[in-house]
Amino acid sequence: MDTRFQAHAVSQYTTTTANLTARIALHGYGTNPQDWFSWLDERLPVAGDVLEVGAGTGKLWTHVDHAARGLNLTLTDFSPAMCAQLRTVPGARVLRCDAAHLPFPDAGFDTVVANHMLYHLDDPAVALREFARVLRPGGRLAVATNGTDHLDELDAIGPAIGRPELMLDAANNDFSAETGPAQVACCFTGVTVERYHCDLDIPTAEPIVAYLSSMTDEPLTPGQHAAAHALVQSQIDAAGSYRIRKHSVLITASR
Ligand SMILES: C[S@@+](CC[C@H](N)C(=O)[O-])C[C@H]1O[C@@H](n2cnc3c(N)ncnc32)[C@H](O)[C@@H]1O
(Lines give C-alpha, C1' and ligand atoms only; values in the text may rest on other atoms or scores of the structure.)
Protein backbone atom coordinates (compact mmCIF):
# COMPACT_ATOMS: atom_id res chain seq x y z
CA MET A 1 0.00 0.00 0.00
CA ASP A 2 1.17 3.54 -0.79
CA THR A 3 1.72 5.26 2.59
CA ARG A 4 2.74 8.67 1.20
CA PHE A 5 -0.70 10.22 1.58
CA GLN A 6 -1.17 9.62 5.28
CA ALA A 7 2.51 10.48 5.96
CA HIS A 8 1.90 13.84 4.28
CA ALA A 9 -1.23 14.43 6.41
CA VAL A 10 0.69 13.55 9.59
CA SER A 11 3.38 16.11 8.75
CA GLN A 12 0.77 18.72 7.81
CA TYR A 13 -1.64 18.46 10.69
CA THR A 14 -0.33 16.65 13.78
CA THR A 15 1.27 19.55 15.61
CA THR A 16 -0.36 22.62 14.08
CA THR A 17 -3.63 24.06 12.79
CA ALA A 18 -1.74 26.80 10.88
CA ASN A 19 -1.39 24.93 7.56
CA LEU A 20 -5.10 24.19 7.35
CA THR A 21 -5.96 27.73 8.45
CA ALA A 22 -3.75 29.26 5.69
CA ARG A 23 -5.47 27.11 3.10
CA ILE A 24 -9.01 27.86 4.30
CA ALA A 25 -8.07 31.58 4.15
CA LEU A 26 -7.39 31.38 0.38
CA HIS A 27 -10.93 30.13 -0.16
CA GLY A 28 -12.13 33.47 1.23
CA TYR A 29 -11.47 34.80 -2.31
CA GLY A 30 -14.24 32.66 -3.80
CA THR A 31 -16.41 34.04 -6.63
CA ASN A 32 -19.56 32.45 -5.20
CA PRO A 33 -21.11 34.93 -2.74
CA GLN A 34 -22.14 31.97 -0.62
CA ASP A 35 -19.06 30.49 1.03
CA TRP A 36 -18.42 26.75 1.04
CA PHE A 37 -19.36 26.09 4.65
CA SER A 38 -22.74 27.84 4.47
CA TRP A 39 -23.44 26.14 1.09
CA LEU A 40 -22.67 22.85 2.80
CA ASP A 41 -24.83 23.76 5.80
CA GLU A 42 -27.87 24.11 3.49
CA ARG A 43 -27.31 20.64 2.04
CA LEU A 44 -26.01 18.52 4.90
CA PRO A 45 -28.42 15.73 5.75
CA VAL A 46 -27.65 16.15 9.45
CA ALA A 47 -30.01 14.76 12.08
CA GLY A 48 -29.84 13.19 15.53
CA ASP A 49 -26.47 11.75 16.53
CA VAL A 50 -23.89 13.32 14.20
CA LEU A 51 -20.25 12.25 13.79
CA GLU A 52 -17.73 14.38 11.88
CA VAL A 53 -14.52 12.54 11.03
CA GLY A 54 -11.37 14.58 10.31
CA ALA A 55 -13.14 17.69 11.58
CA GLY A 56 -10.00 19.87 11.50
CA THR A 57 -10.52 23.22 13.23
CA GLY A 58 -14.31 22.68 13.44
CA LYS A 59 -14.99 25.51 10.99
CA LEU A 60 -18.18 23.83 9.74
CA TRP A 61 -19.77 24.19 13.18
CA THR A 62 -19.33 27.96 13.17
CA HIS A 63 -21.92 27.87 10.33
CA VAL A 64 -24.19 25.03 11.47
CA ASP A 65 -26.11 25.82 14.65
CA HIS A 66 -26.04 22.27 16.01
CA ALA A 67 -27.64 23.17 19.34
CA ALA A 68 -30.63 24.93 17.69
CA ARG A 69 -31.13 21.87 15.46
CA GLY A 70 -31.00 19.55 18.45
CA LEU A 71 -28.00 17.63 17.09
CA ASN A 72 -25.87 15.48 19.37
CA LEU A 73 -22.43 16.25 17.94
CA THR A 74 -19.26 14.13 18.10
CA LEU A 75 -16.11 15.56 16.46
CA THR A 76 -13.00 13.50 15.73
CA ASP A 77 -9.60 14.04 14.18
CA PHE A 78 -6.30 12.14 14.38
CA SER A 79 -4.37 15.34 15.14
CA PRO A 80 -3.83 16.47 18.74
CA ALA A 81 -3.57 20.08 17.51
CA MET A 82 -6.93 19.87 15.71
CA CYS A 83 -8.58 18.17 18.68
CA ALA A 84 -7.41 20.96 21.00
CA GLN A 85 -9.15 23.43 18.67
CA LEU A 86 -12.25 21.22 18.34
CA ARG A 87 -12.68 21.28 22.12
CA THR A 88 -13.68 24.96 21.74
CA VAL A 89 -16.85 23.97 19.77
CA PRO A 90 -19.64 24.43 22.35
CA GLY A 91 -21.44 21.27 23.39
CA ALA A 92 -19.47 18.89 21.16
CA ARG A 93 -17.89 15.63 22.32
CA VAL A 94 -14.34 15.42 20.93
CA LEU A 95 -12.28 12.25 20.46
CA ARG A 96 -8.86 11.88 18.89
CA CYS A 97 -8.91 8.85 16.60
CA ASP A 98 -8.01 7.54 13.17
CA ALA A 99 -10.81 7.42 10.58
CA ALA A 100 -9.75 3.85 9.78
CA HIS A 101 -10.38 2.69 13.39
CA LEU A 102 -13.37 4.49 14.87
CA PRO A 103 -13.73 3.78 18.63
CA PHE A 104 -17.53 3.59 18.45
CA PRO A 105 -19.97 0.66 18.58
CA ASP A 106 -21.91 -0.42 15.51
CA ALA A 107 -24.97 1.60 14.44
CA GLY A 108 -24.59 4.48 16.93
CA PHE A 109 -24.96 7.51 14.58
CA ASP A 110 -27.64 8.96 12.31
CA THR A 111 -25.18 11.03 10.24
CA VAL A 112 -21.47 10.79 9.38
CA VAL A 113 -19.71 13.79 7.81
CA ALA A 114 -16.24 13.56 6.18
CA ASN A 115 -15.42 16.97 4.72
CA HIS A 116 -12.29 17.07 2.55
CA MET A 117 -10.46 14.36 4.42
CA LEU A 118 -10.80 11.01 2.61
CA TYR A 119 -8.13 12.00 0.06
CA HIS A 120 -5.56 12.05 2.87
CA LEU A 121 -5.94 8.36 3.71
CA ASP A 122 -3.78 5.55 2.38
CA ASP A 123 -6.91 3.43 1.88
CA PRO A 124 -10.22 5.39 1.91
CA ALA A 125 -12.19 2.14 1.48
CA VAL A 126 -11.28 1.13 5.05
CA ALA A 127 -12.69 4.40 6.42
CA LEU A 128 -15.84 4.11 4.26
CA ARG A 129 -16.48 0.67 5.76
CA GLU A 130 -16.04 2.18 9.23
CA PHE A 131 -18.53 4.95 8.37
CA ALA A 132 -21.04 2.30 7.25
CA ARG A 133 -20.45 0.26 10.41
CA VAL A 134 -21.10 3.15 12.85
CA LEU A 135 -24.21 4.42 10.97
CA ARG A 136 -27.67 3.16 11.85
CA PRO A 137 -29.71 1.56 9.03
CA GLY A 138 -31.07 4.46 6.97
CA GLY A 139 -28.39 6.80 8.36
CA ARG A 140 -26.87 9.41 6.07
CA LEU A 141 -23.32 9.95 4.84
CA ALA A 142 -22.03 13.34 3.63
CA VAL A 143 -18.58 13.38 2.02
CA ALA A 144 -16.89 16.37 0.38
CA THR A 145 -13.98 16.07 -2.00
CA ASN A 146 -12.41 17.75 -5.05
CA GLY A 147 -12.18 17.11 -8.79
CA THR A 148 -8.87 16.27 -10.45
CA ASP A 149 -8.73 19.79 -11.97
CA HIS A 150 -9.26 21.49 -8.58
CA LEU A 151 -6.81 24.41 -8.10
CA ASP A 152 -4.86 23.53 -11.28
CA GLU A 153 -3.51 27.08 -11.65
CA LEU A 154 -2.14 26.90 -8.09
CA ASP A 155 -0.69 23.44 -8.76
CA ALA A 156 1.24 24.88 -11.71
CA ILE A 157 3.35 27.13 -9.48
CA GLY A 158 5.29 24.45 -7.54
CA PRO A 159 6.88 22.84 -10.62
CA ALA A 160 7.62 26.30 -12.08
CA ILE A 161 9.76 27.21 -9.04
CA GLY A 162 11.47 23.80 -8.77
CA ARG A 163 9.18 22.40 -6.03
CA PRO A 164 6.88 19.88 -7.77
CA GLU A 165 6.09 18.14 -4.47
CA LEU A 166 3.94 21.19 -3.55
CA MET A 167 1.28 19.99 -6.01
CA LEU A 168 -1.97 18.79 -4.42
CA ASP A 169 -2.00 15.94 -6.92
CA ALA A 170 1.26 14.67 -5.41
CA ALA A 171 -0.01 14.89 -1.83
CA ASN A 172 -3.45 13.31 -2.13
CA ASN A 173 -4.80 9.88 -3.09
CA ASP A 174 -7.31 9.45 -5.95
CA PHE A 175 -10.52 9.85 -3.90
CA SER A 176 -11.95 12.62 -6.10
CA ALA A 177 -15.21 14.02 -7.51
CA GLU A 178 -14.67 11.62 -10.41
CA THR A 179 -13.87 8.40 -8.50
CA GLY A 180 -15.46 9.09 -5.09
CA PRO A 181 -19.12 8.31 -5.94
CA ALA A 182 -18.27 4.76 -7.10
CA GLN A 183 -16.12 4.21 -4.00
CA VAL A 184 -18.97 5.39 -1.74
CA ALA A 185 -21.42 3.12 -3.60
CA CYS A 186 -19.53 0.04 -2.43
CA CYS A 187 -20.99 0.46 1.12
CA PHE A 188 -23.95 2.84 0.63
CA THR A 189 -27.09 3.29 -1.49
CA GLY A 190 -28.70 6.31 -3.18
CA VAL A 191 -25.43 8.10 -3.94
CA THR A 192 -25.87 11.72 -5.12
CA VAL A 193 -23.25 14.28 -6.20
CA GLU A 194 -23.64 18.06 -6.25
CA ARG A 195 -20.98 20.53 -7.35
CA TYR A 196 -20.28 23.79 -5.52
CA HIS A 197 -19.83 26.34 -8.32
CA CYS A 198 -17.00 28.66 -7.38
CA ASP A 199 -13.55 29.81 -8.54
CA LEU A 200 -10.95 31.91 -6.75
CA ASP A 201 -10.21 35.47 -7.88
CA ILE A 202 -7.25 36.75 -5.89
CA PRO A 203 -5.99 40.35 -6.12
CA THR A 204 -2.66 39.96 -4.28
CA ALA A 205 0.18 37.43 -4.40
CA GLU A 206 0.70 36.96 -0.64
CA PRO A 207 -2.18 34.58 0.19
CA ILE A 208 -1.23 32.38 -2.78
CA VAL A 209 2.42 32.16 -1.70
CA ALA A 210 1.24 31.52 1.89
CA TYR A 211 -0.91 28.62 0.63
CA LEU A 212 2.07 27.15 -1.23
CA SER A 213 4.31 27.55 1.84
CA SER A 214 1.69 25.73 3.94
CA MET A 215 2.08 22.62 1.77
CA THR A 216 5.53 21.68 3.05
CA ASP A 217 7.70 21.25 6.15
CA GLU A 218 10.68 22.26 4.03
CA PRO A 219 10.34 26.06 3.75
CA LEU A 220 10.62 27.76 0.39
CA THR A 221 14.11 29.21 -0.06
CA PRO A 222 14.19 33.02 -0.42
CA GLY A 223 14.79 32.48 -4.16
CA GLN A 224 11.80 30.14 -4.51
CA HIS A 225 9.61 32.48 -2.48
CA ALA A 226 10.61 35.42 -4.71
CA ALA A 227 10.07 33.36 -7.88
CA ALA A 228 6.58 32.27 -6.79
CA HIS A 229 5.66 35.83 -5.84
CA ALA A 230 6.96 37.22 -9.17
CA LEU A 231 5.11 34.57 -11.21
CA VAL A 232 1.79 35.33 -9.51
CA GLN A 233 2.35 39.08 -9.52
CA SER A 234 3.04 39.13 -13.28
CA GLN A 235 -0.36 37.53 -13.88
CA ILE A 236 -2.05 39.99 -11.51
CA ASP A 237 -0.37 42.90 -13.31
CA ALA A 238 -1.60 41.58 -16.67
CA ALA A 239 -5.14 40.47 -15.73
CA GLY A 240 -5.98 42.37 -12.52
CA SER A 241 -6.14 39.19 -10.42
CA TYR A 242 -4.91 35.60 -10.22
CA ARG A 243 -7.75 33.28 -11.18
CA ILE A 244 -7.80 29.71 -9.86
CA ARG A 245 -10.42 27.10 -10.77
CA LYS A 246 -12.13 25.25 -7.97
CA HIS A 247 -13.93 21.93 -8.25
CA SER A 248 -15.51 20.78 -4.99
CA VAL A 249 -18.46 18.41 -4.63
CA LEU A 250 -20.71 17.06 -1.91
CA ILE A 251 -21.42 13.33 -2.15
CA THR A 252 -24.34 12.06 -0.09
CA ALA A 253 -25.60 8.53 0.41
CA SER A 254 -27.69 6.35 2.74
CA ARG A 255 -26.71 3.35 4.82
C1 LIG B 1 -8.18 19.24 4.66
S2 LIG B 1 -8.44 19.04 6.38
C3 LIG B 1 -10.21 19.26 6.50
C4 LIG B 1 -10.66 19.62 7.88
C5 LIG B 1 -12.15 19.91 8.02
N6 LIG B 1 -12.95 18.77 7.70
C7 LIG B 1 -12.54 21.09 7.16
O8 LIG B 1 -13.14 20.87 6.10
O9 LIG B 1 -12.19 22.22 7.52
C10 LIG B 1 -8.25 17.30 6.63
C11 LIG B 1 -8.39 16.88 8.09
O12 LIG B 1 -8.37 15.44 8.16
C13 LIG B 1 -7.59 15.05 9.27
N14 LIG B 1 -7.10 13.69 9.01
C15 LIG B 1 -6.22 13.27 8.08
N16 LIG B 1 -6.04 11.95 8.13
C17 LIG B 1 -6.86 11.49 9.12
C18 LIG B 1 -7.15 10.20 9.66
N19 LIG B 1 -6.55 9.10 9.20
N20 LIG B 1 -8.05 10.10 10.65
C21 LIG B 1 -8.66 11.21 11.15
N22 LIG B 1 -8.42 12.46 10.70
C23 LIG B 1 -7.53 12.60 9.68
C24 LIG B 1 -6.48 16.10 9.37
O25 LIG B 1 -5.90 16.16 10.65
C26 LIG B 1 -7.26 17.37 9.01
O27 LIG B 1 -7.80 17.98 10.14
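View 1. Residues are numbered from 1 along each chain as its sequence is written. Because the model is predicted, local features need pLDDT of at least 70 and side-chain atom pairs count only at pLDDT 80 or more, while totals for chains, interfaces and linings use all residues.

**View 2. Helix 2 meets helix 10.** Helix 2 (residues 18-26) packs against helix 10 (residues 206-213) at about 145°, and their axes are 9 Å apart. Axes are lines fitted to C-alpha atoms, for helices over the stretch in contact, and angles run from 0 to 180 degrees between N-to-C directions. Helices (H or I, at least four residues) and strands (E, at least two) are DSSP runs, numbered from the N terminus. Helix 2 brings Ala22, Arg23, Ala25 and Leu26 to the contact, and helix 10 brings Pro207, Ile208, Ala210 and Tyr211 (contact: C-beta atoms, placed from the backbone, within 7 Å). Seven of these contact residues are nonpolar, none is polar and one is charged.

View 3. Seven strands line up in the order 3-2-1-4-5-9-6, with mixed pairing (two strands pair if DSSP finds at least two bridges between them). At the edges sit strand 3 (93-96) and strand 6 (189-196), each pairing on one side only. From one strand to the next, the twist averages 15°.

**View 4. Strands 1 and 4 side by side.** Strand 1 (residues 49-53) and strand 4 (residues 109-115) run parallel, joined by three bridges. Look for Leu51, which stands opposite Val112 in strand 4.

Methods
Two residues are in contact if their C-beta atoms, placed from the backbone, lie within 7 Å. Ala, Val, Leu, Ile, Met, Phe, Trp, Tyr, Cys and Pro count as nonpolar, Asp, Glu, Lys and Arg as charged, and the others, Gly among them, as polar.
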